[in-house]
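Subject: Structure handover

Hello,

Here is the structure you will be working with. My notes follow below it.

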Amino acid sequence: MNNLFQSINDFFAFIQPIADAVWGFPTQLTWYAKIPLLGKRSFAVLLLLGMGLYFSLRTGFIQTLSFSRAIQIMMRRRTSDTGISAFASFMLGLAMRSGPGNIVGVTGAITVGGPGALFWMWVAAFFGMATAFMEAVLAQLFKEKKGNDYVGGLPFYGRRILGNKRIVGIFLSVAFIVYALFNVPIQT
């Protein structure tokens, strides 16, 4: 059993420096770190918040405009022959987004950043709603029927949007796998 634990620790010791480099880029660069306010933010954080702000503006702040309508649609008791109900879809999406990483992340952020961290998490979540909406819309628009099932997601809509080349879908699939692999030390 100790060999198993040692191999897991060795695996994380290999991935940790790579994950730090990926998630910290470009804050490791001296010239970038000297930029006031911006120099302490990684590219991933700027990209996520920037895209959330962009999608919020482009959709007219969809996360506030359609909230009551979304509740009405979700609570309708309606079944579908080709999928699941709106409520089941909501519950599945909620289960996928909130897990132990979120619970530990919130307590860790409050411990490190104080109560003000909670406000900034709300701000990030508000703009993240627009990003999640756009991702869901793209997944619905570009889903494909394979046999009796529908398949979709980033590799499918990314491939279709970026020229419909198979290599793009493969690259996006690999990028997602690498993201999941190098996100492990952060989640744990």
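Is Phe61 buried, partly exposed or exposed? Phe61 is partly exposed, because its relative accessibility is 29% and that class runs between 20% and 50%. Keep in mind throughout that this is a predicted model.

**Overall layout**

The chain has 188 residues, and 17% of them are buried. Its secondary structure comes to 10 helices and 2 strands. From the N terminus the order is α-α-α-α-α-α-α-α-β-β-α-α. Along the principal axes, the C-alpha atoms fill a box of roughly 50 × 40 × 40 Å. Take the contacts between residues at least 6 apart in sequence: 37% of them join residues at least 24 apart.

**Backbone points to check**

Most residues other than glycine have a negative phi, and most peptide bonds are trans.

- Phe25 and Pro26 are joined by a cis peptide bond, with omega at about -5°. Pro26 sits in the loop between helix H1 (2-24) and H2.
- Leu37 has a positive phi, near 65°, and is not a glycine. Leu37 belongs to the loop between H2 and H3. Leu37 counts as exposed because its relative accessibility is 69%, and the exposed class starts over 50%.
- Phe61 also has a positive phi, near 60°. Phe61 lies in the loop between H3 and helix H4 (62-65).

**Helix H3 and its partner**

H3 packs against helix H8 (residues 116-141). The angle is about 70°, and the axes are 8 Å apart. H3 is therefore roughly perpendicular to H8.

Which residues meet there? From H3 come Leu48, Leu49, Met51, Gly52, Leu53, Phe55 and Ser56. From H8 come Ala124, Phe127, Ala130, Thr131 and Met134.

Ser56 lies in helix H3. Its relative accessibility is 0%, so Ser56 counts as buried. Leaving out residues up to four places away in sequence, Ser56 touches Phe61, Gln63, Phe127 and Ala130. Two of these partners, Phe127 and Ala130, are in H8. Another, Phe61, is in the loop that runs from H3 to H4.

**Nonpolar surface patch**

Which residues form a nonpolar patch on the surface? They are Phe25, Leu29, Trp31, Ile35, Leu38, Phe43, Leu46, Leu47, Met51 and Tyr54. Helix H3 (residues 43-58) gives the largest share, 5 residues.

Leu38 sits in the loop between helix H2 (30-33) and H3. Why does Leu38 count as partly exposed? Its relative accessible area is 35%, and the class takes values between 20% and 50%.

**Salt bridges**

Side chains of opposite charge can pair when their charged atoms come close. A search of the whole structure finds 2 salt bridges. Glu144, Lys146 and Arg159 are linked by them in a network.

- Lys146 with Glu144: the closest N and O atoms are 3.8 Å apart. Lys146 counts as partly exposed, at 48% relative accessibility. Glu144 counts as buried, at 15%.
- Arg159 with Glu144: the closest N and O atoms are 2.6 Å apart. Arg159 lies in helix H9 (residues 154-161) and Glu144 in strand S1 (residues 144-146), so the pair ties together parts 15 residues apart in sequence. Both Arg159 and Glu144 are buried.

Note the 3.8 Å value for Lys146 and Glu144. The cut-off for a salt bridge is within 4 Å.

That is the handover.

Best wishes

Technical notes: Residues are numbered from 1 along each chain as its sequence is written. This is a predicted model: local features need pLDDT of at least 70, side-chain atom pairs count only at pLDDT 80 or more; totals for chains, interfaces and linings use all residues. Side-chain values use heavy atoms; hydrogens and water are left out. Patches are made of residues with over 30% relative accessible area and no salt bridge: like charges are joined within 9 Å, nonpolar side chains (Val, Leu, Ile, Met, Phe, Trp, Tyr) within 5 Å. Accessible areas come from the Shrake-Rupley method with a 1.4 Å probe; for residues, only the protein chains shown count as cover. A salt bridge is a side-chain nitrogen of Lys or Arg within 4 Å of a carboxyl oxygen of Asp or Glu. Helices (H or I, at least four residues) and strands (E, at least two) are DSSP runs, numbered from the N terminus. Buried means under 20% relative accessible area, exposed over 50%, partly exposed in between (1.4 Å probe, protein chains only). Axes are lines fitted to C-alpha atoms, for helices over the stretch in contact, and angles run from 0 to 180 degrees between N-to-C directions. Angles under 35 degrees count as roughly parallel, over 145 as roughly antiparallel, 65 to 115 as roughly perpendicular and the rest as oblique. Contact means heavy atoms within 4.5 Å.
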